[in-house]
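Subject: Structure handover

Dear colleague,

I am handing over the structure below, followed by notes on what was found in it. Please read the notes with the structure open beside them.

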Amino acid sequence: MSDFREEEALGKAYDARLARRLMVYLRPYKWLVLCALIPTLLVAPLEAAGPYLFKIATDSNIVPVMRKQLALDLGLHGLALITLAYLGALLMSFALQYVQMRVMQSVGQKTMYDMRTQIFGHLQRLPMSFYDRSPVGRLVTRVTTDVDALNDLFATGIVAMINDAFLLVFFVVILFWMDWRLALASLCVLPMILGATWLFRGKTRDGNRRIRTAIARINAFLNEHIMGMTVVQLFNRERKSREEFTKLNRLHMEAYKDVIFAFALFYPAVEFFSILAIALVFWRGGIRSIDHTLQIGTLIAFMQYAQ
């Protein structure tokens, strides 16, 4: 915090040194974080159970009953058991994710408390000359808005990334185990999704950094002009101040619009590629189902996993 312009000297997207500094705040709560990560090993199989139960219900109960290969009462009994198993998996998944979310939200709030306390203590130890050249509004932004942004990382970001990564790997293994040819068809759009994500990442990173800088400037401007409103009016600077604030506010709006535009392109693109993958699975799997080389339940499960 040696210079209030430090926030505008934006570095690379991922800074290992900075990441290690942030992880220090999790160290006092490492056992709570570990307790939140353990359910990940159980949530992934429970999430994967639904499509596979649909496969079993279709191939072992619905289709045999329609083809008169299984008695109706036996088919209904099997469907009832599968339905109960599916509901049980949903309830267990809900309970584990509830505990996980509660624990990580608690960790996030505790790390925010520690960080704000440390920042405020540091501010009290700085020399008076620092406040002579540093706008108070930017310092308030550091203690409030910036720390709030880090709460998402500590409370949900870390666990969500680990959960999603483990879940994706688990799903890919299941897809290749069920049918490697359909698995390749469902994953063929992955390079296009990665390319869209790469472009989106750069645009949103730049836009969010500009938003952060603009918010800091607006807070600094408001603090100085509201606290010194008597001086502004004494020197008849109202019109000039309005023009300056309009300029700062416009920079913030334009940065936000750029981020919104990036999201408006990215999510439809990903949705299109996802639907394209499902269409490929439906086409290839449908042909094989007609040729009786693929069970219908497997095709249904593939479509659900692809989604």
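Glutamine 100 lies in helix α4, which covers residues 72-125, where helices are DSSP runs of H or I with at least four residues, strands are runs of E with at least two, and both are numbered from the N terminus. This is a predicted model, in which local features need pLDDT of at least 70 and side-chain atom pairs count only at pLDDT 80 or more, whereas totals for chains, interfaces and linings use all residues. Residues are numbered from 1 along each chain as its sequence is written, and side-chain values use heavy atoms, with hydrogens and water left out.

Glutamine 100 is buried, with a relative accessible area of 5% (buried means under 20%, exposed over 50% and partly exposed in between, with a 1.4 Å probe and protein chains only). Leaving aside its neighbours within four places in sequence, glutamine 100 is in contact (heavy atoms within 4.5 Å) with Ala36, Leu37, Pro39, Thr40, Val159 and Asn163.

Turning to the whole chain, the protein has eleven helices and zero strands. Its radius of gyration is 27 Å, well over the 19 Å that the globule rule gives for 307 residues, so the chain is more spread out than a compact globule; the radius is taken over C-alpha atoms, and the rule is 2.2 Å times the number of residues to the power 0.38. Those C-alpha atoms fill a box of roughly 95 × 40 × 35 Å along the principal axes, and buried residues make up 35% of the 307 residues.

Best regards
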